[in-house]
Amino acid sequence: MANVVVVGAQWGDEGKGKIVDWLSERADVIARFQGGHNAGHTLVIDGTVYKLSALPSGIVRPGKLSVIGNGVVLDPWALLAEIERLAAQGVSVTPDNLMIAENTPLILPLHGELDRGREGQNSTARIGTTGRGIGPAYEDKVGRRVIRVADLADPQTLETRIERLLTHHDALRSGLGLPPVDWAGLSAMLAEVAPKILRFAGPVWKVMGEMRKAGKRILFEGAQGALLDVDFGTYPYVTSSTTMAGAAATGSGLGPNAAGFVLGIVKAYTTRVGEGPFPTELDDATGQRLGERGHEFGTVTGRKRRCGWFDAVLVRQTCAISGTRGIALTKLDVLDGFETLKICTGYRIGDEVYDYLPTAAALQAKVEPIYEELDGWSDSTAGARSWAELPAAAVKYVRRIEELIQCPVAMLSTSPERDDTILVTDPFVD
């Protein structure tokens, strides 16, 4: 049996929550390996809606170990609030089903303040972040001044960390017109939250390694999407972590050979939240229709998502970089009733044709999509659980996507309900 890495293959919001939940029933460990609580996952189980941000999607499944790996940046107060919300829905989160890596960096209130302060300074420099402090926390991690979970257990170390952190942040805040950080207030907040977080802390790399040796199945859950990757995304309109499958190893403490099957989650059309290039974006009635039918609003922020036709160029590119062995195609039912559908098969920049998205921002801004048209279908695909239940035109659309992205469909999702899924290839069977 193989382990499985689930990553978004577009700009996020591809429906990873449902797919991870579907797979988690067969896994023993579900591990988040990057990102922060800006990544929202919505699960619909037996009609009950669960909205998760910091917690792995497997937390709603009894008998599973959910892990927050060291590649994540963690807001402890947001995590505790999420745990309380789940408790109100009957989901108990304890050290028996949640473990947090001891070396996980913490997002503090000052990170969110810096994030929002920067975004509000100059409209021409806006990245379109959620303002939750994810980027500044990652900056402090690589700057070797972040506070980590283990530091909460040692007041002396914590005091040293706070001093180093505030020396840097107070200078930044002064330049943005923000007041200095309240040292005593921050120390008190951390002292108060420490025992609530430390009860979940442990050597994730060791525990997961032992479980792997024991033959347990591990499901690695990525956040955001490949096109938001800090290296390979539409820079600078990206997140601050590596969203590709390779991050599963470094973000959890297991080696690269632990990855197993890489499953890319792909929406049957394209959406994006925030700023940045979007070659197939539709600023018309069709784009509006996609957004309304797909309920395209962010789980975390409620922001309206930009919508457009399926971009096979981008998905082929992200599948290649992540080593994707199969995709889970979601939201096919949103396309029901369209008379004609379009798929982007290439880009034109002036007189030149590209089969990939250039890295240079100036070239990305000039990209014009080259479309291929396919017939739509009038029958409903919603709730289909076999190929036989799909209209012929829908099957043709899926098969054409496979050809263009050079990667097979392993799973097909036809509604938010977890059981409305067509399994083609079992990712857990290597």
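Biologist: Just after H4, which residue takes a positive phi of about 65°?
Modeller: In this predicted model, local features need pLDDT of at least 70 and side-chain atom pairs count only at pLDDT 80 or more, whereas totals for chains, interfaces and linings use all residues. Residues are numbered from 1 along each chain as its sequence is written, and side-chain values use heavy atoms, without hydrogens and water. The residue sits in the loop between H4 and H5 (helices, H or I, are DSSP runs of at least four residues, and strands, E, of at least two, numbered from the N terminus). Its phi is positive in a residue other than glycine, and the residue that follows H4 in this way is Arg-144.

Biologist: Is Arg-144 buried or exposed?
Modeller: Buried means under 20% relative accessible area, exposed over 50%, and partly exposed in between, with a 1.4 Å probe and protein chains only. The relative accessible area of Arg-144 is 70%, so Arg-144 is exposed.

Biologist: In which loop is His-295 found?
Modeller: His-295 is not a glycine, yet has a positive phi of about 50°. His-295 is also exposed, because its relative accessible area is 61%. It is found in the loop between helix H9 (285–293) and strand S11 (306–308).

Biologist: What is omega for the peptide bond from Tyr-235 to Pro-236?
Modeller: Pro-236 belongs to the loop between S8 and helix H8 (247–250). The bond that joins Tyr-235 to Pro-236 is cis, with omega near 5°.

Biologist: Which residues of H6 make the contact with H2?
Modeller: The axes of helix H2 (residues 76–88) and helix H6 (residues 183–198) come within 10 Å and cross at roughly 50° (axes are lines fitted to C-alpha atoms over the stretch in contact, with angles from 0 to 180 degrees between N-to-C directions). Contact means heavy atoms within 4.5 Å. From H2 come Pro-76, Trp-77, Leu-79 and Leu-80, and from H6 come Met-189, Leu-190, Val-193, Lys-196 and Ile-197.

Biologist: Which helices are included in what covers the buried residues of H4?
Modeller: Helix H4 spans residues 134–142, and its buried residues are Ile-134, Gly-135, Pro-136, Ala-137, Tyr-138 and Asp-140. Their cover includes helix H3 (109–119) and helix H5 (155–175).

Biologist: Leaving aside neighbours within four places in sequence, with which residues is Thr-421 in contact?
Modeller: Thr-421 lies in strand S18 (residues 421–423). Its relative accessible area is 8%, so Thr-421 is buried. Apart from those neighbours, Thr-421 is in contact with Lys-18, Trp-22, Ala-384, Arg-385, Met-411 and Leu-412.
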